[in-house]
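Subject: Structure for your review

Dear colleague,

Please find the structure below, handed over for your own work. A summary of the findings follows it.

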Amino acid sequence: MFDLVVRGGTVVTASDVTRCDIGIRDGRIVMLGEGLPPGREEIDATGLYVLPGGIDSHVHLAQPSGDGIVMADGFESGTRSSLFGGNTTVLPFCLQQKGQTLREALTAYHALADGNCLTDVSFHLIVTDPTPGVLGQEIPALVEDGYTSLKVFMTYEGLRLHDNEILATLDAARTSGALVMVHCENEDAIRFLIGKHEAAGDVAPLAHATTRPVAAEREATHRALSLAEIVAVPIVIVHVSNREAMEEIDRARKRGVKVVGETCPQYLMLTADDLDRDGWEGAKYVCSPPPRDEASKAACWQGLEQGIFDLYSSDHCPFRFEDEAGKLNEKGKTSFRWIPNGIPGVETRLPILFSEGVMKGRIDLPRFAALTATNHAKLYGLYPRKGTIAVGSDADLTLWNPQDRRVIRNDHLHHGADYTPYEGLEVQGWPVTVILRGRVAIRDGVLQGRPEGRYLPRARSPLTSGRQGQDA
Ligand code: URP
Ligand code: ZN
Ligand code: ZN
């Protein structure tokens, strides 16, 4: 007997859309077909899409963010918000502080996360201090332990790596099989422009966008791709905001570089004009790279439609607005350079792509499943356990009501931020029921007890190991 049968829904995967029932036992999908025998529990999914549970592979939770600044979400509220947004797995970052080993950083993050997550989680490691010990001993051992992806920054004083350090990190990734994600912005150019704008008294939030121009992102994207080419290692270019950076990805791909591109809702929905809103309201939209212009939004949509981007992630990095520890901290009110970077978005990622993408005919349902779940699982070593609806996969399912029309209001969201950048946006389509490893976690919009998220060690990416689609 099945523990649970999801009956009569339209099942959507990255390759197919079919009408069938899903039989679940011991947290896994054990049968797909029409007219399955009864289960101990049944869910009527008539009129709903049944999607692979969303996987958001770019999320910041409980990340130390500088003097007196506190991120609005820890693991509990961040994963709750993510679950309500139709996600069953998130991949937050574990930030190495300078002087720390990666293991020390991981111990601290696990202490915060373990037992406190409502979705499954797995960490990417942010490398800020690539010592010989980190590169030579820690990374190879951690990859063996299932920490198979790294992120490096080309910007942010205190976090950025210089080119020689990026090369050394890429080389360590090549020998160990880790996959490296790169934040591409030219820090020196940005510092130079910040100095000029501050000297001219131009300190309002809009200057955050002006001092981080497209050229700074394009140049760094080109450089990151060139460094990866030199080391002969795959890379992921994260949170791409504009056409010129996309063209760099396309050109590198044509030269044979293995590169995956990621974009985010903010680059599809917002522009720099949002940073120019009245008063200090623009601080709500400060993130890096910054939202650009209408042409950049259109380009990013094209990138999702045409395959420059294989990943669509939230880059959820929430800070409260009206808060001493958030956007309007004491110094943040005096200059854009002190406004913490990042915006919330883990709960609105799927509804925005469905409403603006699927409902407006830009992408089809399989592409929606690929961009929100399957590609993340494949790239980051979780497939086919996660990211699809198949016999043997974890029963992570999001039941989606395509007729649900609503207006996004922060009051209805579950993150710790006191605002959403998408306040007032009308969307069609919302996750109604979410199933995590066969257990109904949200039923008709209501949390069912306290789901227990697990930590997921991951296999090496098929991109680094050459093992396309192997078991995680
Ligand atoms: O502004 C952003 N994106 N904050 C999050 C950190 C990062 O760079 O991804
Ligand atoms: Zn970044
Ligand atoms: Zn980020």
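**Aromatic pairs**

Tyr-109 has a relative accessibility of 4% and therefore counts as buried, the limit being under 20%. Please note that the model is a predicted one.

A search of the whole structure gives eleven aromatic pairs. In the pair of Tyr-109 and Phe-123, the ring centres are 5.9 Å apart and the planes stand at 75°, so the arrangement is edge-to-face. Tyr-109 belongs to helix H2 (residues 102-113), while Phe-123 is in the loop between strand S8 (120-121) and strand S9 (124-126); the pair therefore ties together parts that are 14 residues apart in sequence. Phe-153 and Tyr-156 form a tilted pair, with 5.3 Å from centre to centre and 55° between the planes. Phe-153 is buried at a relative accessible area of 2%, and Tyr-156 is buried at 19%. Ring pairs also join Phe-75, Tyr-109, Phe-123, Tyr-147 and Tyr-455 into a cluster.

Two charged side chains sit over rings. Lys-331 lies over the face of Trp-338, 3.8 Å from the ring centre, and the charged end of Arg-362 is placed over the ring of Trp-301, 4.2 Å from its centre.

**Zinc site**

The zinc ion (ligand 2) has Lys-151 (NZ), His-183 (ND1) and His-239 (NE2) as its protein donors, at 2.1 to 2.2 Å. Lys-151 lies in strand S10 (residues 149-153) and His-183 in strand S11 (residues 179-183), so this pair ties together parts that are 32 residues apart in sequence. Lys-151 is buried, with a relative accessible area of 1%, and His-183 is buried at 0% relative accessibility. The distance from the zinc ion (ligand 2) to the zinc ion (ligand 3) is 3.8 Å.

Helix H7 (residues 214-231) comprises 18 residues and spans 26 Å from its first C-alpha to its last, close to the 26 Å expected. Its buried residues include Ala-216, Leu-225 and Val-231. The buried residues of H7 pack against several elements, among them helix H4 (163-176), helix H8 (243-255) and strand S13 (259-263). Just after H7, Ala-232 adopts a positive phi of about 65°.

The largest nonpolar core has 119 residues, of which Ile-139, Ile-235, Val-236, Ile-237 and Phe-368 touch the most other members. Apart from this core lies another of 18 residues, including Leu-48, Ile-389, Leu-399 and Val-440.

With kind regards

Methods: Residues are numbered from 1 along each chain as its sequence is written. Chains are lettered from A and ligands numbered from 1 in the order in which they are written. This is a predicted model: local features need pLDDT of at least 70, side-chain atom pairs count only at pLDDT 80 or more; totals for chains, interfaces and linings use all residues. Side-chain values use heavy atoms; hydrogens and water are left out. Donors are N, O and S atoms within 2.8 Å of the metal (3.2 Å for Na, K and Ca); water is not among the atoms, so sites may look incomplete. Helices (H or I, at least four residues) and strands (E, at least two) are DSSP runs, numbered from the N terminus. Buried means under 20% relative accessible area, exposed over 50%, partly exposed in between (1.4 Å probe, protein chains only). The expected span of a helix is 1.5 Å times one less than its number of residues. Contact means heavy atoms within 4.5 Å. A nonpolar core is a set of buried Ala, Val, Leu, Ile, Met, Phe, Trp, Tyr and Cys residues joined through side-chain atoms within 4.5 Å. Rings of Phe, Tyr and Trp (its six-membered ring) pair if their centres lie within 6.5 Å; planes under 30 degrees apart count as stacked, over 60 as edge-to-face and the rest as tilted. A charge sits over a ring if NZ of Lys or CZ of Arg is within 6 Å of the ring centre and within 35 degrees of the ring normal.
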